[in-house]
Every structure is written in structure tokens, then in C-alpha cells.
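Have the model open beside you and take each solution one step at a time.

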Amino acid sequence: MTTISPHVHSPRQKQGFLAWLWMWLTTLDHKKVGILYLCGGGFFFLIGGIEAILIRIQLAVPENTFLVGSAYNQVLTMHGTTMIFLAAMPMIFALMNAVVPLQIGARDVAFPFLNSLGFWLFFLGGLILNVSWFLGGAPDGGWTAYTPLSSEYLGSGMDFYILGLQVAGAGTLMGGINFLVTIINMRAPGMTFMRMPLFTWTALVTSALILFAFPALTVGLFFELFDKIFGANFFNATNGGNSVIWEHIFWIFGHPEVYILILPAFGVISEVIPTFAKKRLFGYSSMVFATVLIGFLAFMVWVHHMFTVGLGPMANSIFAIATMAIAIPTGMKIFNWMFTMWGGQIHFNTANLFAIGFIPTFVMGGVTGVMLAVPAADFQYHDSYFVIAHFHYVIVGGVVFGLLSAIFYWWPKMFGKFLNETLGKFTFWFFFFGFHFTFFPQHFLGLMGMPRRYFTYFKGEGLEAGNLISSIGASGMAIATILLVINIVITTAKGKKAKGDAWGLGRTLEWSIASPAPEYNFAQTPLVKGIDPLWKAKMEGNKKLTPAEPLGDIHMPSPSILPFLMSLSLTLASFGFIYADINGMGALVFAGIGIGLMFLLMLIHSLKDDHGFHIHKEEIIETEKGAE
Amino acid sequence: MSETHTSIEKLANPEKATLEGKNKFLGFWFFLGGETVLFGTLFATFLALRDKVASGPSGPELFSITTTFISTMILLVSSLTSVFAVMAMKDNKLRQMQLWFWVTVLLGLCFLGLEIYEFSEYLSEGLGYKTSAFSSSFYTLVGTHGGHVFFGILWISTLMIASYKKGITTVTAPKYYVAALYWHFIDVVWVFIFTVVYLLGILGD
């Protein structure tokens with residue numbers, strides 16, 4: 001504990017690897033935390049991608065024996081769990097960290113300490129899940145972990161699932177609260193709610209969804225854990241338990257979760273399309289309205305995952321209508337993006353290609369979504385590859401396209417260098433065609449009766465061609481991903497340097513400061529006079545935004561190792577619970593020690609006031625000169 | 001900002017005097033929103049499973065309205081004393097604030113003692129955690145609340161011990177304030193537990 005240095009000044013000076021490592025472990029700077037989230041999310045995205053390729057190798061030909069039985073179940077479960085919780089969510093947090101404070105003209109997030117804690121909890125939660133491969137087998141109950149299969153009949157893999165998600169989920173919840181407060185309390189003068197960039201709006205609504213969805217998952221996972229290690233009866237029918245409760249709890253969390261993922265992608269598209277069409281976003285207020293409405297409806301539709309449970313025609317009808325209603329605000333967004341492009345001067349760079357490619361792809365996923373919302377038809381589609389095709393169209397065609405667009409768009413702001421456009425365009429075309437070749441045939445495989453989660457199919461059932469095309473398509477996405485990694489390596493070594501307004505077309509506040517943003521973000525908080533304040537200033541012939549305050553010293557929080565240590569102690573506690581199930585109650589001692597350490601660290605954090613440090617006026621003037 | 005331990009004598013709402021304070025205030029309200037969903041899920045599960053007693057005893061056979069009524073009164077009074085503590089904080093009266101918060105902690109301990117006594121009674125009458133779906137959901141719901149009370153006691157005690165050194169400043173005031181807010185929240189949750197679990201359990205059928 002003695003290592004907490006209270007007055008460490010900006011840790012920029014290079015002192016070798018250890019100092020570098022220490023800087024990343026202790027940073028509370030939201031831009032650095034954003035980079036950490038991007039690296040962590042990217043790492044798990046690669047792992048999840050390898051798992052996807054393994055699945056497609058097994059299914060490429062009928063009666064294949066490459067990956068069968070429990071091994072297939074493990075890869076399948078980990079693919080879903082990893083992609084949703086450990087790849088997509090953290091990459092969304094990466095963008096929110098990198099962009100939201102800059103877009104609202106803030107110097108920091110509301111809770112830098114919690115922000116860092118959220119990252120470390122996510123990362124260590126992901127590691128808990130993934131070390132299961134080496135400690136007796138990965139989770140194999142599907143990413144939905146339905147009971148009683150997961151709670152009574154499977155091995156220790158599900159313990160890793162429960163605890164890993166519990167730790168990562170706690171981190172996500174903290175991130176959600178942090179961004180809610182940041183956006184509501186820390187906007188620059190003049191940045192009213194109806195002047196906020198759309199990405200910030202979607203970050204706000206997504207954070208609210210996180211806040212109200214994740215606690216349900218927390219409780220559900222505890223029920224499953226208590227059934228497993230303490231012999232509780234939540235899902236044990238012999239003693240009166242009821243497995244449908246798990247389905248309700250999981251989907252009350254799980255449906256908002258998919259909107260948690262897609263809304264920020266909508267936000268990205270709403271930033272990229274106007275920028276590269278050189279037009280303001282068409283129908284700004286209707287976009288805001290649609291975002292909020294989608295956020296509200298997200299909580300009203302969970303039963304459409306449970307149409308075949310047998311809740312009765314009345315329940316099914318109500319939830320079917322609610323589900324179809326979501327198509328209305330979503331459709332509004334689609335038309336607004338198209339009207340934004342209409343008559344614009346469209347630049348077809350990689351970021352915009354992904355944004356434009358997003359539109360038809362996501363619409364196709366939306367159409368199958370409305371098809372699935374019809375209960376009578378859903379009885380046919382249920383648990384078939386049609387469902388797989390649908391949700392990959394919305395999650396890959398929607399969320400991942402949005403994320404890739406965002407990565408190309410904001411990369412210069414995050415790192416100060418451009419990604420290579422030629423390689424980027426190759427990435428786009430490989431990914432776009434690879435994606436459609438992979439998932440388009442799966443609609444038909446599903447309609448022909450191929451069930452999801454099965455590790456093989458027989459010859460002569462007409463499923464060979466579709467599956468082979470699908471597997472070949474998957475290699476296209478793999479090539480695209482490899483090209484992206486190469487692109488990142490090459491441009492990190494010698495990429496083109498970016499100016500503050502990297503694309504020359506920036507509309508929002510993040511482009512009004514240097515790339516990458518200085519530690520304090522804004523030397524002077526800007527005065528916001530309308531939507532797209534930077535564009536407005538440029539059109540009025542001003543090089544800079546009007547400042548809202550005189551230049552002065554800026555107060556920053558000190559770095560801290562406590563978030564990392566807190567996450568470590570919860571990881572220790574998690575292993576205590578996991579081994580309580582595997583080896584008996586003795587292991588609960590470690591759970592106790594872990595939780596005790598957590599309380600101790602919280603106590604230290606509570607008692608020790610952080611006075612932070614100041615970046616002095618002269619230093620700011622120096623930094624700002626260097627940026628020009 | 002947070003560096004200067006501003007005296008708060010002239011501030012009406014010291015907990016919201018700084019941006020950090022405002023953030024803490026709003027963030028904590030949001031946290032309580034999340035907690036509401038957490039308890040909501042626990043309540044919903046309990047309601048779905050409360051009749052599933054398997055071979056074990058049922059709620060009406062066990063619950064004593066006297067004990068739980070006393071518990072309820074103790075916790076309601078402790079909420080009131082935490083209000084007195086916050087009022088004293090706003091008046092910058094450190095001693096008075098400490099006194100009322102200590103009374104709150106004491107009442108919390110009494111509540112927790114009664115709950116432990118209650119649980120041990122149920123255990124001896126054959127309602128173990130593993131007995132039935134009812135018992136699991138009952139102990140999990142009421143136990144989670146008890147855990148929150150326990151955490152609240154630790155939290156407020158810590159703040160009070162530190163308050164002898166740190167006093168009431170714009171840095172500490174938001175901490176006292178949100179701790180009181182948390183205490184109200186667990187009181188409100190208890191009101192629902194008293195109604196849904198005990199009153200409905202005894203009178204509902």
C-alpha cells in the first residue's frame with residue numbers, strides 16, 4: 001500500500017518497461033482507459049474470432065469429426081460469451097471513453113477512479129472466463145446458461161462463466177453510472193441536451209440501459225451460483241424451483257443488452273455519415289427521440305425470446321406487438337441516414353464505407369427480426385439457423401460494422417495517426433463480402449431445418465452447400481481482421497500524422513483539440529452555441545471556438561493502483577467460489593479473504609483524500625503551441 | 001476544488017457545493033436505481049416461489065408478526081435519526097451529526113441482531129437454506145437486505161471514525177449525505193419486505 005504516490009506528476013517521462021507498465025496500471029485518464037478497453041476488447045475479439053473459425057471448420061462438411069461433443073459445446077459457448085461480454089461491450093466502452101468527454105467539452109469523466117476500476121474488473125473477469133480452458137474445461141451450457149442444465153448437470157465450466165461474468169458485469173455497471181453522470185453533469189456551457197452529438201446521446205441511453213439491465217443478470221447469476229455451491233433450490237424442480245424464472249431474468253437483462261450494443265453503433269453511424277457527406281444530420285431531434293424510444297422499448301420485449309415456453313397467446317401477442325413496434329424508431333433512423341446522404345458530397349473512405357455498408361446489412365437483420373417477432377412463425381424458426389443468421393446480421397452487420405467504422409474514424413483522435421486507407425478498404429470489402437457469404441446462407445439452412453448448437457449434420461439432407469459457402473465466407477472475415485491487425489502494426493510504426501481536425505471535416509468538439517487530445521483535453525472549456533459547434537465556427541470563418549473561461553491551472557486526479565488491486569482481490573474471491581464448487585467448501589476461505597481485501601482497499605480509498613495535482617498555465621501554453 | 005477543505009458555514013447544501021459533490025450525489029441516485037432492479041428481481045423470484053415449500057415449513061407457520069414489527073420500527077426510527085444527522089451536517093454541527101449517526105448505527109446493530117435471532121429460530125424449526133424453493137428465495141431476499149444493513153453499518157461507522165479528524169467539509173459532506181441516502185434506501189426496501197414477505201405471508205392467503 002505504500003506504493004501509492006500522492007503527488008506523481010504527469011507520468012510522461014520514459015523510465016523503462018516497469019515505469020511504462022506502472023503508468024498503464026495506475027492511469028485514471030479516460031483517454032488511456034479507452035485505449036486499455038480497446039486493447040482488451042480487441043484481444044478478446046481475436047479469441048472469439050478464432051472460436052468462430054473453429055466452429056465453421058467443424059461445420060464446413062457433413063459428419064465432420066474436427067470438434068465434437070463437449071469440445072464443440074465449449075467453443076460455441078465461449079464464442080458467444082466472449083463476443084458479447086468481452087469484445088463488443090468493452091469496445092463500446094473504449095469509444096465512450098475516448099469520445100464522450102471530448103464531445104461534451106469536459107476535462108474528465110465524473111468518476112475517473114470507478115472508470116479505471118470498471119476496466120480492470122472487465123479485463124480480469126474475461127481472464128477468469130478464459131483460464132477455464134486450462135482448469136478443467138470451459139463453460140459448455142451456451143451463452144444463455146439455461147437451467148437446470150447449467151446449474152445441475154454440467155461440470156465446473158459454468159462456475160467460471162458465473163464468476164467471470166459477475167466480475168466483468170460489476171465493471172460494466174460502474175462504467176454505466178460513470179457515463180450517465182458525466183454526460184448529465186459535465187457538459188460545457190451551452191452544450192444543452194438537444195445540442196449533444198448523437199454518439200453522446202446513444203452513450204447516455206446505453207448507460208441507462210446498462211444501469212437497469214445488469215443488476216438483473218447479477219441476481220440471476222447469484223441464483224445459479226447458490227444452486228450450485230450452497231444447494232439452493234431456485235431452479236431445482238424437485239424442491240419447488242422453477243427454471244422459467246432463469247429464462248425471464250436472463251432475458252430481462254439479455255434483451256436490453258442487445259440494445260446496449262447496437263445503440264452506440266447507431267450513434268457512430270450518425271456521426272460518420274454527416275461528416276463524410278458534409279451535411280448536418282437529417283432529423284436530429286427525431287434521431288434523439290428514436291434513440292430514447294428504442295431504449296424504453298428494450299425493456300418491454302424480453303418474452304419474444306421465450307415464445308415457445310408456453311406463456312400463453314395473450315402474453316405472446318403483447319410482446320409480439322411491442323417487438324414489432326421497435327421497427328418504427330429504427331426505421332426512422334435508417335431514413336434519416338439516407339436523407340443525410342441525399343445531396344451530400346460523399347467521401348468513400350473506410351470509415352464511411354463501413355457506415356454505408358451498415359445500412360442495408362442492418363436492415364436485413366431488422367427484417368428477419370420482425371419475422372421472428374410473429375409468434376406463430378417463431379415456433380418454426382425457433383432454435384434454428386434462421387435465428388443465428390438474424391442475430392449475426394444485427395450484431396456483426398450492425399454492431400461490428402459500427403465499431404469498425406468508429407475505429408477508422410476516431411483512430412487519428414485516439415492515437416494521433418491515421419490508419420492506412422488502402423489496407424482499410426481491403427478490410428472493408430473482405431469483411432463485407434465475407435460476412436454476407438457466411439450468414440446469408442444460414443437463413444436458408446435454418447428454414448431447411450438445421451438446428452442451432454448441433455455439432456454436425458448428415459449427408460444428403462441438402463445442408464452441404466450452404467454450410468460450405470458459410471465456412472468459406474468466414475475466412476473472408478478472418479482475412480479482413482488480419483489485414484486490420486497488419487494495418488494497425490504498420491501505421492503505429494510509421495503512420496501519417498493527424499491534425500486536430502484530422503479529416504478536415506470535423507463537426508463536433510472532439511476535432512477542435514489536438515490529436516491525440518492533451519491530458520487535460522480542453523485548455524479552455526469551449527462555449528457551445530449550437531449543434532455541430534466546430535462546423536459552425538469554421539463556417540463563420542473562425543479557427544477556434546469561443547472559450548467559456550480564461551486560461552488557468554487545471555486540476556487532475558492522481559493515478560492510483562487501487563482499482564487494479566481491488567479487481568485482483570475480487571478475482572481471488574471468484575476463484576474461492578469456483579473451487580468451493582469443485583473441491584468443497586474449504587475454498588470459501590479464499591472467497592472470504594478476497595472480499596475482506598476488497599473491503600480493506602475500499603477503506604483505504606475512502607480514508608485517503610486524493611488531492612490530485614495541477615497542470616500549470618505555462619505548461620498548458622507550451623503544450624498547445626506544440627500542437628499547432 | 002477538492003484540494004481546499006472549504007469551510008461550509010455559509011453553504012446551504014454542502015454536499016452539492018462542488019462538482020465532485022454533485023457527481024457523487026447524482027451517481028449515487030443512479031446506483032440506487034440499479035439496486036432497485038436488483039431487489040426487484042429478488043422480490044419477483046420470491047413471489048414466484050413463496051408457495052413452493054416442498055416438505056419444509058411454510059411462511060405462515062413460522063413468521064412472528066411481533067418480532068418483525070419491532071424490527072420494522074427499529075429501522076424506521078434509524079432512518080429518522082439519519083435525517084437528524086444530515087440536518088446537523090447542514091448546520092455544520094459536527095458533534096450533533098456524529099451523535100445521530102452513531103445512534104443510527106446502534107439501531108442498525110439492533111435490527112441485525114433481531115434478524116440473526118429470527119433466522120436461527122427458523123433454522124431450529126426446520127427451515128434450512130436447502131429445504132425448499134421458498135426457503136432459498138426467502139433467505140436470499142431477506143439475507144441480501146441484511147447484508148446491505150451490515151455494509152451500511154460498516155460504512156457509516158468508518159465515516160464517523162474519520163469525521164473526528166476530518167470534520168464537515170465540502171469533501172466529506174457528500175460522503176455523509178450519500179451514506180444517509182443509502183440508509184434510507186435499505187429502510188424502504190425493508191418496508192417492502194415487511195409488506196410482501198411477512199404481512200402477505202401471514203395474512204395473504
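For sorting residues, Ala, Val, Leu, Ile, Met, Phe, Trp, Tyr, Cys and Pro count as nonpolar, Asp, Glu, Lys and Arg as charged, and the others, Gly among them, as polar. This is a predicted model, where local features need pLDDT of at least 70, side-chain atom pairs count only at pLDDT 80 or more, and totals for chains, interfaces and linings use all residues. Residues are numbered from 1 along each chain as its sequence is written.

**Exercise 1.** Describe the second largest cavity by its volume and its lining.

Step 1: A cavity is a set of points on a 1 Å grid over the protein atoms alone where a 1.4 Å probe fits but cannot get out, and lining residues have an atom within 4 Å of a point.
Step 2: A volume is the space filled by probe spheres set on the points, which are joined across faces, edges and corners; here that is about 110 Å³.
Step 3: Find the lining residues, among them A:Leu527, A:Gly530, A:Glu540 and A:Thr546.
Step 4: Sorted by class, they give four nonpolar, three polar and four charged residues.

**Exercise 2.** Which helix gives the most to the lining of the largest cavity?

Step 1: The structure holds five cavities of 30 Å³ or more, and the largest has a volume of about 160 Å³.
Step 2: Of its 15 lining residues, the closest to the centre are A:Ser270, A:Glu271, A:Leu281, A:Thr508 and A:Asp532.
Step 3: Helices are DSSP runs (H or I, at least four residues), numbered from the N terminus. Helix α8 (residues 243-277) of chain A gives the most, with four residues.
Step 4: The classes in this lining are seven nonpolar, three polar and five charged.

Note on methods:
Chains lettered and ligands numbered in written order. Heavy atoms only, no water. 1 Å grid on protein atoms, 1.4 Å probe; cavity = no way out; pocket = protein on both sides within 12 Å on 5 of 7 lines; lining within 4 Å. Helix = DSSP H or I, 4+ residues; strand = E, 2+ residues; numbered from the N terminus.
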